[in-house]
Every structure is written in structure tokens, then in C-alpha cells.
Amino acid sequence: MMVWMTIPGEPQGKGRHRAVRRGDQIATYTPKKTKDYEDEVQFCYRMAFAVDEPISATIVAAFGIPKSTSKRRKVEMMAGMVLPTKKPDTDNIAKIVLDALNGLAYPDDKQVVELQVLKTYDLDGYVEVELRNWRTRTDG
């Protein structure tokens, strides 16, 4: 089993739950931006497969190169010589993608036994996700 998909647009991290007080009640909610991105991940997955086995996940988060970047710096970014060390953090990128696939690609993200996340630059932002059966994965 292998699933591969691309989520168009800039990578996003998982937003923290928000809490609001209404009288004596405290209500929590997921921020709209986080929910919308999780919906986009689920849509992309449906367009590409659900497994009940140990999974190896690879996530590549490509950030769009800012228009103000010099030509020399842009070449370095495209060659992988300069990598994005900005937010969102890799763990938050992984969390939003894996949580969005819960109950869809797998019963629970506890099945992900191996995870690799790479942040890079490209002309346009996107996130690529590859899910493999951990027992049949190929290294290198």
C-alpha cells in the first residue's frame, strides 16, 4: 500500500484550540483556519485512498519563495542550499496533516510508526504526503 497526494498552497501548522467564556460556561473550538486546512487535506486524500496497519509517513512542506528574494538567493533556495527555518514548526505541520487523515486514511494516527518531515522552498507552496505500509517501505 502506498498513498501519495499533494495539498496545494502554503504549509500550515496545527492551530491551538481556543476557549471562550459565556457566563459560567467555557466553550472550546478549533480555529477556522485550522479546520479549513484539515478539510482540504481530507479532500486531497479522498481524491488520491484507508488502511489498518503500521504506517510510514513522509511529509514535504514546500514554502513559496517571496517575490522580493534576490535571484542569487532564489537559486540557493531552489537548490536546497537554504531551507526555511520559519514557522510553522515541522511537528505542527505533521500534526495538522496526520490529524486531518484520522478516521479517513487510518483508524487512528497512532498507527504512524515512522515519520519524516522536510521543510523546503519551491516556486509555489504545497505539501506532499506519502503514506506507506511500514513493513513494505523502501529506504533510499
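**Fold and model**

I counted 3 helices and 6 strands in the protein; helices (H or I, at least four residues) and strands (E, at least two) are DSSP runs, numbered from the N terminus. I read their order along the sequence as β-β-β-α-β-α-α-β-β. I note that this is a predicted model, in which local features need pLDDT of at least 70 and side-chain atom pairs count only at pLDDT 80 or more, while totals for chains, interfaces and linings use all residues. Residues are numbered from 1 along each chain as its sequence is written, and side-chain values use heavy atoms, with hydrogens and water left out.

I looked up the confidence next, given as pLDDT (the predictor's confidence in each residue, from 0 to 100). The mean pLDDT of the protein is 85, and 91% of its residues reach 70 or more. Among the elements, I found the lowest mean pLDDT, 73, in strand β1 (residues 2-8) and the highest, 95, in strand β5 (residues 112-122).

**Extent and surface**

I recorded a span of about 55 × 45 × 25 Å for the C-alpha trace along its principal axes. The protein exposes about 8,800 Å², of which carbon and sulfur atoms supply 51%; accessible areas come from the Shrake-Rupley method with a 1.4 Å probe, and for residues only the protein chains shown count as cover. Of the 140 residues, 37% are buried. Buried means under 20% relative accessible area, exposed over 50%, and partly exposed in between (1.4 Å probe, protein chains only).

**Largest pocket**

I noted a volume of about 320 Å³ for the largest pocket. The closest to its centre of the 15 lining residues are Gly13, Lys14, Gly15, Arg16 and Asn92. Helices α1 (32-47) and α3 (90-101) are the elements that give two or more residues to the lining. I sorted the lining into 3 nonpolar, 5 polar and 7 charged residues. Ala, Val, Leu, Ile, Met, Phe, Trp, Tyr, Cys and Pro count as nonpolar, Asp, Glu, Lys and Arg as charged, and the others, Gly among them, as polar.

For the terms: on a 1 Å grid over the protein atoms alone, a pocket is an open set of points where a 1.4 Å probe fits, with protein on both sides within 12 Å along at least five of seven lines, and lining residues have an atom within 4 Å of a point. Grid points are joined across faces, edges and corners, and the volume is the space filled by probe spheres set on the points.

I located Pro31 in the loop between β3 (25-29) and α1. Pro31 is buried, at a relative accessible area of 13%. Leaving aside neighbours within four places in sequence, I found Pro31 in contact (heavy atoms within 4.5 Å) with Gly15, Arg16, His17 and Arg18. The C-alpha atoms of Pro31 and Arg18 are separated by 6.8 Å, with the two residues 13 residues apart along the chain.

I then turned to Thr28, in strand β3. Thr28 is exposed, because its relative accessible area is 61%. With neighbours within four places again set aside, Thr28 is in contact with Arg18 and Ala19. I read 5.4 Å between the C-alpha atoms of Thr28 and Arg18, 10 residues apart along the chain.

I found a cis peptide bond joining Lys87 and Pro88, with omega about 5°. Most peptide bonds are trans. Pro88 lies in the loop between α2 (71-78) and α3.

Lys95 is placed in helix α3 and counts as partly exposed, at 42% relative accessibility. I recorded 9.4 Å between the C-alpha atoms of Lys95 and Asp109, 14 residues apart along the chain.

Glu114 sits in strand β5 and is partly exposed at 28% relative accessibility. Its C-alpha atom and that of Leu131, 17 residues apart along the chain, are separated by 10.0 Å.
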